[in-house]
Amino acid sequence: MLIGAHVDANSAIAQAVALGADIAQVTLGDPQSWKKPAIPGDGAASLGVQATDAGVGLYVHAAYVINVASTNNRIRIPSRKLLQQTIDAAAGIGARGVIVHGGHVTADEEQQQGYDNWRKCVDGLDVKVPVLIENTAGGKKAMMRYLDSIRGLWTTLEGSANLDGIGLCLDTCHAHAAGLDLTTVVGDVRAITGRIDLVHCNDSRDAPGSGRDRHAPLRDGQLNPEVLIALLRDADAPVMLETPPENHAEEIAWLREQLG
């Protein structure tokens, strides 16, 4: 099982090697910005070669501001553009996937509007690398919080010519915060999507169903460690830590010990 962590793009490979990580996740630029993704240092070729030479698989997390589900043109259209730019940049460094949040519509809007906007976005993408839609912790009108909302999105995406390039990133803290049953969530999600491509392995500072997205170090939050390890085994997908970076080395070692 491939295990890694979110690292700083400016020294991504050096950090991953120091951690003994198989994979690493980066953001290309300010994740709170609408600016075009920026590859640090000597550019895409350099980062891609470094990753290949070190045997580290790269993933790119898209900017948090992206919300392709939005009915607001001033949000939805720039979101589509930025997502495509991120896919292009990720392909340039040989990344294995782009992770993007599912987004939401407003409280007075029908969720189907958001699903339809996602379908239009997916249909229009040049999917050079897989796009992994991530489940979210809160928001009653979120596209990817509850099992029913995940089902609504995937049902709407059925028939898209680009569907094979659309995967799922399962975040354990988000699932816990959304109130999903972590003992069954892998099977529940797979029954809807047919796939889990990546697991964001995070503990949670808050109680189940809180809707709060506050990551905690593994074994220092509300998640039962045995349940977490069983979930990772069931998912059988690459595992990415998004816990505080000072814990990454210890957590990777612990995960390897538990997972074999």
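Predicted model: local features only at pLDDT ≥ 70, side-chain atom pairs only at ≥ 80, totals over all residues.
View 1. Two strands pair if DSSP finds at least two bridges between them. The names follow DSSP runs, numbered from the N terminus: helices are H or I with at least four residues, and strands are E with at least two. Angles run from 0 to 180 degrees between N-to-C directions, and axes are lines fitted to C-alpha atoms, for helices over the stretch in contact.

A word on how to read all the views: residues are numbered from 1 along each chain as its sequence is written. Local features need pLDDT of at least 70, side-chain atom pairs count only at pLDDT 80 or more, totals for chains, interfaces and linings use all residues, and side-chain values use heavy atoms, with hydrogens and water left out.

**View 2. Strands β3, β4 and β5 line up.** Strand β3 (residues 57–61) pairs with strand β4 (residues 98–101) in the parallel sense over 2 bridges. Look for H61, which stands opposite I99 in β4. β4 also pairs with β5 in the parallel sense, over 4 bridges. Here H101 has E134 in β5 as its bridge partner. Strand β5 (residues 131–134) is covered on both faces: V131 and I133 on one side, and L132 and E134 on the other, are all buried. Buried means under 20% relative accessible area, exposed means over 50%, and partly exposed is in between (1.4 Å probe, protein chains only).

**View 3. Strand β7 sits between β6 and β10.** β7 pairs in the parallel sense with β6 over 3 bridges, and β7 pairs in the parallel sense with β10 over 3 bridges. On the β10 side, C201 stands opposite L241. Which way do the β7 side chains point? L198 and H200 point one way and V199 and C201 the other way, and all are buried.

View 4. The buried residues in α8 are L228, I229, L231, L232 and A235. Why do they sit on the same side of α8? They cover an arc of only 155° around the axis, which puts them on the same side of α8. The arc is that of the directions from the helix axis to the C-beta atoms. The buried residues of α8 pack against several elements, including β6, β7, β10 and α9 (248–259).

**View 5. The two ends of α8.** N224 caps the N-terminal end of α8, where a side-chain oxygen lies 2.8 Å from the backbone nitrogen of E226. After α8 comes D236, whose phi is positive, near 50°. D236 is in the loop between α8 and β10 and is exposed, with a relative accessible area of 61%.

**View 6. Helices α7 and α8 side by side.** Two packed helices are described by the angle between their axes and the distance between the axes. For α7 and α8 the angle is about 30°, and the axes are 9 Å apart. The two helices are therefore roughly parallel to each other; angles under 35 degrees count as roughly parallel, over 145 as roughly antiparallel, 65 to 115 as roughly perpendicular and the rest as oblique. V185, V186 and R190 in α7 meet L231, D234 and A235 in α8. The buried residues of α7 are V185, V186, V189, I192 and T193. They cover an arc of only 130° around the axis, which puts them on the same side of α7. Their cover includes α5 (147–157), β6 and α8. α7 is followed by G194, which has a positive phi near 80°.

View 7. N67 is found in the loop between β3 and α3 (73–92). Is N67 buried or exposed? N67 is buried, with a relative accessible area of 7%. Leaving aside neighbours within four places in sequence, N67 is in contact (heavy atoms within 4.5 Å) with I75, R76, S79, G103 and H104. R219 is found in the loop between β9 (215–216) and α8 and is partly exposed, with a relative accessible area of 42%. The phi of R219 is near 70°, a positive value in a residue other than glycine.

Methods:
Polar contact = N/O pair within 3.5 Å; in protein donor to acceptor, adjacent residues only side chain to side chain.
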